[in-house]
Amino acid sequence: MYSSFLAPLLPLLLKKYGIDLSVASWLSLLQRIPSLFSAVLGTFVHKIRWRPIIILAPLVTALSGSLLGLAPNLIILAILLFTIGISSAIFHVPAPVIIKDFSGNRAGKGMSFYMLGGESARMLGPVLVVSAVSWWGLEGTWRLAIPAVVAAFVLSLVLEKIPYEKVDKNRSTTNSWKKTLHRYSGFFIALTVYMLFRSVMRAGLSTFLPTYMVGTQGNTLLFGAFSLSILQATAVAGTFLAGTLSDKIGRFRMLLALAIASPFFMFLFLWAPPLLQIISLLFLGFVLAASTPVLLALVQEQGSDQPAFMNGSFTTINFISSALAVLAAGYLGDAIGLEKTFLFSGFLAFAAIPAVFLLKKQSMKNP
């Protein structure tokens, strides 16, 4: 939840610091930068005990997120966002590997449960932080750190009973990361193409939807946060159902269906009257988020004996595509407005359709 605080707070932060959308996009980028090094983390994370990472990384994220409202200047705000990015990157490298091992031959379903937690958090986070602002003011959000400390304590008790460390020690790590990267280079390129053309739409909405609803549409801050929560609410359903469904109909059929549907729901959101606009957000959240568990399962099924490196590489690709996307959305938003920026992202997303066939071709080379 705490890593999703920036977007709903942006309308207030823009006024507090007197910044424009392009600067705001750099703030969002700062939070994502540590994910660039996920592939590096993946080369040695299998040698580190996972339990402290899974407990402490979310706690650091929560403490930093709670202090965003207290930041006296842009420098402190940037440091807090960068810290959130570091802890998030450290968490997300080993976590899917653990999920894959516990999922057995139902990796898609396992990743759906994993993403269910993440997308539920992104749904609840905006409402939580905006409610905190309404209760205590922007500088009072530090109080949200208290439940995070309690949650970390409870997590430490629960995870003590899970013997994953024994499973991890038996993992084969014979191939070097260089050989792995060379072997799967074509697959990673195809993956980048697919994710890149969809990222402008998803990153733009997840970062600037509240700003669009408040600044362009003239709604309240609470309604802006509510709109983002609607988008994330169906993202929860998308991530939960898509992975399981892809186990049955195939990863590539699922990715193709999502690539076709996404831009159409974006156009509906932009051109529909207010009631249909909210309804379109329901479908848009579903199709935009649904590809992630499918891609995570696909990455883990490539047959590599370095799954942490594979997942780290996926996270790095995700960072690069989303970072470029959020910067593009910020600068385009200043230049032509957020509405035209969202429209452009919808047309750009059609390019993900041929990328699915490229991804399938490359994946078949690594059974």
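## Exercises on helix packing in a predicted model

Helices α4 and α5 are roughly antiparallel to each other. The model is predicted, and the exercises below start from this pair.

**Exercise 1.** Work out which angle lies behind the description of α4 and α5 as roughly antiparallel, and find the handedness of their crossing.

*Solution.* 
- Step 1: Take α4 as residues 50-66 and α5 as residues 74-92; their axes come within 8 Å and cross at roughly 160 degrees.
- Step 2: Angles over 145 degrees count as roughly antiparallel, so the pair gets that label.
- Step 3: The crossing of these two helices is left-handed.

**Exercise 2.** List the residues through which α4 and α5 meet, then sort the contact by class.

*Solution.* 
- Step 1: On the α4 side, look for Ile-53, Ile-54, Ala-57, Pro-58, Val-60, Thr-61, Ser-64 and Gly-65.
- Step 2: Their partners in α5 are Leu-80, Thr-83, Ile-84, Ser-87, Ser-88, Ile-90 and Phe-91.
- Step 3: Sorted by class, the contact has 9 nonpolar and 6 polar residues, with no charged residues.

**Exercise 3.** Now turn to α5 and α6: how are they oriented, and which residues make the contact?

*Solution.* 
- Step 1: The axes of α5 and α6 (residues 94-103) are 4 Å apart, at an angle of about 25 degrees.
- Step 2: Angles under 35 degrees count as roughly parallel, so α5 and α6 are roughly parallel to each other.
- Step 3: α5 contributes Ile-90, Phe-91 and His-92, while α6 contributes Pro-94, Ala-95 and Pro-96.
- Step 4: By class, this contact has 5 nonpolar residues, 1 polar residue and no charged residues.

**Exercise 4.** Decide whether Ile-53 and Ser-66 are buried or exposed, and look at what lies around each.

*Solution.* 
- Step 1: Buried means under 20% relative accessible area. Ile-53, at 13%, is therefore buried, and Ser-66, at 0%, counts as buried too.
- Step 2: Ile-53 and His-92 are 39 residues apart in sequence, with 9.6 Å between their C-alpha atoms.
- Step 3: Setting aside neighbours within four places in sequence, Ser-66 is in contact with Tyr-2, Thr-141, Trp-142, Leu-144 and Ala-145.

**Exercise 5.** Check the span of helix α13 against its residue count, and name some of its buried residues.

*Solution.* 
- Step 1: α13 covers residues 251-271, which is 21 residues; at 1.5 Å a residue they should span 30 Å.
- Step 2: The end C-alpha atoms are 31 Å apart, which agrees.
- Step 3: Its buried residues include Arg-251, Phe-252, Leu-258, Ser-262 and Phe-269.

Key:
Residues numbered from 1 in each chain as written. Predicted model: local features only at pLDDT ≥ 70, side-chain atom pairs only at ≥ 80, totals over all residues. Heavy atoms only, no water. Axes fitted to C-alpha atoms, helices over the stretch in contact; angles between N-to-C directions. Parallel < 35°, antiparallel > 145°, perpendicular 65-115°, else oblique. Left-handed = near helix turned anticlockwise from the far one by under 90°. Contact = heavy atoms within 4.5 Å. Nonpolar A, V, L, I, M, F, W, Y, C, P; charged D, E, K, R; others polar. Expected span 1.5 Å × (residues − 1). Buried < 20%, exposed > 50% of the residue type's maximum accessible area, 1.4 Å probe, protein only.
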